[in-house]
Amino acid sequence: MKPALVIMAAGMGSRYGGMKQIDPVDDQGHIIIDYSVYDAYRAGFRKVVFIIKEQNRADFEETIGRRIGDKMQVEYVYQKLEDLPEGFSVPEGRVKPWGTAHAILSARDVVKEPFAVINADDYYGIKAFQEIYNYLEQAQDDDKYRYCMVGYRLYNTLTENGSVGRGVCEVSPAGELISVTERTKIYKRGEGAAYTEDDGATFVEVSPDAIVSMNMWGFTPSLLPELGARFADTLRKGLAENPLKCEYFLPSAVSALLEEDKATVRVLSSPDRWYGVTYKEDKPTVVAALKSLRDAGLYPEKLLED
C-alpha cells in the first residue's frame, strides 16, 4: 500500500491566539497545510488523514479538504479528550489535548499502511517529503520495527518571539536515532540556544547544531498498537503529577521503543529550512519565506490545481 500522510491539526494554537492552521500565508489564500499537501503529493502520497477537533471539521473541509479531494483520498479523525483507556476519565477542568502520541492513536481505525506524521502549522520543505516517502515506500518491519524521522538543525527552527518545544535527538554515527529528549521551552539566545525547565530561573545551553525532531516521523502500522498499549501507564504517572497539563508525547513513546530494542529509527536529513508559526509575530517571516520560494519557481501560483 502507498504510504499515507497524517497531519496533526487538533490544537487551536493557544500561544498564537487563534486557529493558525487555517490562517492564509500568501496572496492566493493558501495555508501552510496547502504547501505540505502539495509537497506530499508530488513526492507520491495519495492519502491524507487530518487529526482535528470534531467542531472544526467544517472549517477544514471548507479551507482545504474540498480543494484536494480530487487529488488525494481525504480522511478526518477526531482527537477527543474522552478517548481514554478503560478505567480512566477526564480530570475535572482538563481542556488540554493529551499530546502528540494520543493524536496519532486517534487515527488507529483509518491508518493501515505505512504513514508519515507532520504538524499542521509547520512548513517542512520539498526534500523532506521526498526523503520520507522514499523510505516508507520500502519500509518493512522484520525482527524490529523500522521507522524513520526527518531531523533539522535546532538553530534553523527557533523563533525570535518566544520559546519553542523541540525533541532534541541523539544520533549514532550510522545515522540511527538513539534517543529523543523533549524540551518544552527552548529559547534563541544570540547565535546559540538554551532551554529552561523552571520557568526561566535557570537555563541550560544546547548546541545550535543539535538535531531536533519537528514531528516529521515515518512509521509502519505497528506503531499504533504500541501507542495504545503504553497509554495507560503514561496516564497513570501523568495524572498523578499534573492532571490538567500532562501529555503523551510521540517522541517519548518512540524513545521507549528504542530503549527496549524493539525499533530502529533512521534519521533522514533535509537541506530545507523549517518554518513555523508558533506566535503571531512569526507569520511575516513565514509569508516572506514562502514568497521567496514561489519567486524561485519552486511552487506554482496555484497549488494542486493543475
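1. In this predicted model, Lys262 and Glu226 form a salt bridge whose closest N and O atoms are 2.7 Å apart. Because Lys262 lies in the loop between α6 (250-259) and β12 while Glu226 belongs to helix α5 (residues 223-241), the pair ties together parts that are 36 residues apart in sequence. Lys262 is partly exposed, at a relative accessible area of 31%, whereas Glu226 counts as buried, at 9%.

2. Arg266 sits in strand β12 (residues 263-269) and Glu176 in the loop between β7 (164-171) and β8 (177-189), so that the pair links distant parts of the chain, 90 residues apart. Arg266 is partly exposed at 33% relative accessibility, and Glu176 is partly exposed at 23%.

3. Arg108 and Asp83 also meet through their side chains in a salt bridge (3.0 Å, N to O). Since Arg108 lies in the loop between α3 (100-105) and β4 (115-119) and Asp83 in the loop between β3 and α3, parts 25 residues apart in sequence are tied together. The relative accessible area is 31% for Arg108 and 22% for Asp83. The count of salt bridges comes to 24.

4. Helix α2 (residues 57-68) has Phe60, Thr63, Ile64, Gly65 and Ile68 buried. Viewed down the axis of α2, these residues fall within an arc of 145 degrees and therefore line one face of the helix. They pack against α1 (32-43), β2 (47-52) and β3 (73-78). The face turned away from the buried side of α2 carries the exposed residues Ala58, Glu62 and Arg66.

Technical notes:
Residues are numbered from 1 along each chain as its sequence is written. This is a predicted model: local features need pLDDT of at least 70, side-chain atom pairs count only at pLDDT 80 or more; totals for chains, interfaces and linings use all residues. Side-chain values use heavy atoms; hydrogens and water are left out. Buried means under 20% relative accessible area, exposed over 50%, partly exposed in between (1.4 Å probe, protein chains only). Helices (H or I, at least four residues) and strands (E, at least two) are DSSP runs, numbered from the N terminus. The arc is that of the directions from the helix axis to the C-beta atoms. Contact means heavy atoms within 4.5 Å. A salt bridge is a side-chain nitrogen of Lys or Arg within 4 Å of a carboxyl oxygen of Asp or Glu.
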